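Trainee: I would like to learn how to read a fold from its sheet, its helices and a few single residues. Where do we begin?

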Amino acid sequence: LYNKPHYRKLSYKQDIVDNFANVAIPGTGLPLSLFVWNKPLALGLVCTASPICSFIASIHLWLKTRGKSSISNEYAIRLLAPDDWFSYWRLNCRVAGMHALLNDIPAGYEMENKWTFLEEGSKCDVPVSPYLDCPAIVVKHRNEEGGLGIHFYRNATDGGDWIIQERILNGDWVTQHLPQNAPLSTFRVITQSRGALDVSKKCAVEDVTALSCVFRAGRMGALTDHDSILFDVDVKTGKVLGGTTNAHWYRLGLHEVLPGRCPWRSSDHDITHHPDGDIPVSGSVVPNIREMLHLVETSHWKLCPDVPLVGWDVVLSADEKLPVCLLEVNLSCNFFRGSFDRKVYLDFLEDMVGRLQEMRLMADRDGKKFK
């Protein structure tokens, strides 16, 4: 895939360079983008850094558990069968990249474009986040003069680059689980579509399954819920389970190497209260969880049944006219450490990878050129 076209970038290489720009192996402070600029460098990372980091992680866990864990077993898991969020994220990314490439980028991949998603969602009666339908807006600073402090934004509705929306506020259930001055906090739901196995066939809504749900409880003073506590949600009952974080993977700078700066591991879903205000979250029940999951399943079916995996950002808003809406989608999606039925997921991936291998061998035999 490395030099092949990608559905949202000129190449898969450019996509991983961009995606790794703010990600570092915890405790190193070095963005992983530094190591994927060419194939030999990336191969060197896999062949050297991966085994070394796996060994260090197994020793760290053994020390943390006071000798109760097995160094050899943990090393084998980290190196050969990793089950951490990062590995699942990269697996999803590779499946999406290969699937889009071999299927000549099906139409559903256009949903990655935020404006296309809003446009198509509106046409298909999917409750997307509302946007202003005006040619442009002008934003002025209240005290600047002499032509300073004035900004013009052309709306995407008029061919511009900016999606102009009113701010969406958290609904009552969400608000009561957050501190003051918290950002809009969404639910990340992952769905899979077996209709993507053969994009030439018509997909049924029953082919789409919701796998996981995570409540991203934003931190006090944060602008977005990318800075949040990740509370797992039981997709069958809507009960909020334990919380955790993956923020230590996003700490950059050589100072993060210093002792005590960056934790090597995060808690294993043992957070029960939001730390900004000691607000109880675990044990609460998300209202109408089945309706939320049905919404994303039908939206996957309507908008992008030809895409294997989709991550949905779902909002429970304060707007009585639109109490539930979808902000955007991510097609190289991240489970955000949510739990999921691994058999359902891995059975799907086994079928998908088998299908992609058949298509890859056929493309190689026919000498197919990818553009």
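This is a predicted model: local features need pLDDT of at least 70, side-chain atom pairs count only at pLDDT 80 or more; totals for chains, interfaces and linings use all residues.

Trainee: In what order do the 6 strands of the open sheet lie?

Mentor: Reading across, the order is β6-β5-β4-β3-β9-β10, with antiparallel pairing. The edges are β6 (240–244) and β10; each has a single partner strand, so one side of each lacks a neighbour in the sheet. On average, neighbouring strands are turned by 30 degrees against each other, direction ignored.

Trainee: How do I read the two faces of a strand, and which residues lie on each side of β5?

Mentor: The general idea is that side chains in a regular strand alternate between the two faces of the sheet. In β5, S228, L230 and D232 lie on one side, while I229, F231 and V233 lie on the other. Both faces are covered, and 6 of the 6 residues of β5 are buried.

Trainee: Which helix packs on the sheet, and which strands does that helix touch?

Mentor: Helix α8 (residues 342–366) packs there and touches β3, β4 and β9. The direction of α8 makes about 45 degrees with that of β3.

Trainee: Now α7. What span does this helix reach, and which of its residues are buried?

Mentor: The general idea first: an α-helix has 3.6 residues a turn, so residues three or four places apart point the same way. In this case, the 15 residues of α7 reach 21 Å from first C-alpha to last, close to the 21 Å expected at 1.5 Å a residue. The buried residues are I289, M292, L293, L295, V296, E297, T298, S299, H300 and L303. They pack against α5 (114–123) and against the strands β3, β4, β5 (228–233), β9 (309–316) and β10 (324–330).

Trainee: And α5: which residues are buried there, and what caps its N-terminal end?

Mentor: W115, T116, F117, L118 and G121 are buried in α5, and what covers the buried residues of α5 includes α7, β9 and β10. N113 is the cap: one of its side-chain oxygens lies 2.9 Å from the backbone nitrogen of W115. After α5 comes D125, whose phi is positive, near 60 degrees.

Trainee: Which residues have the most contacts inside the largest nonpolar core?

Mentor: They are F117, F187, F215, V286, M292 and W312, in a core of 43 residues. Helix α7 gives the largest share of this core, 6 residues. A second, separate core has 19 residues, among them A196, L309, F340 and L356.

Trainee: Let us turn to single residues. Is V174 buried or exposed?

Mentor: V174, in helix α6 (residues 172–175), is buried because its relative accessible area is 0%, against a cut-off of under 20%. Beyond four places in sequence, V174 touches S185, F187, F215 and L316.

Trainee: Last, where is R194 placed, and which residues does R194 touch?

Mentor: R194 is in the loop between β3 (187–193) and β4 (208–218). With a relative accessible area of 33%, R194 is partly exposed. Not counting residues up to four places away in sequence, R194 touches D207, F348 and D351. A polar contact of 2.3 Å joins the side chains of R194 and D351.

Key. Residues are numbered from 1 along each chain as its sequence is written. Side-chain values use heavy atoms; hydrogens and water are left out. Helices (H or I, at least four residues) and strands (E, at least two) are DSSP runs, numbered from the N terminus. Buried means under 20% relative accessible area, exposed over 50%, partly exposed in between (1.4 Å probe, protein chains only). Contact means heavy atoms within 4.5 Å. A polar contact is a pair of N or O atoms within 3.5 Å; within protein, one must be able to donate a hydrogen and the other to accept it, and residues adjacent in sequence count only if both atoms are side-chain atoms. A nonpolar core is a set of buried Ala, Val, Leu, Ile, Met, Phe, Trp, Tyr and Cys residues joined through side-chain atoms within 4.5 Å. The expected span of a helix is 1.5 Å times one less than its number of residues. Two strands pair if DSSP finds at least two bridges between them. Axes are lines fitted to C-alpha atoms, for helices over the stretch in contact, and angles run from 0 to 180 degrees between N-to-C directions.
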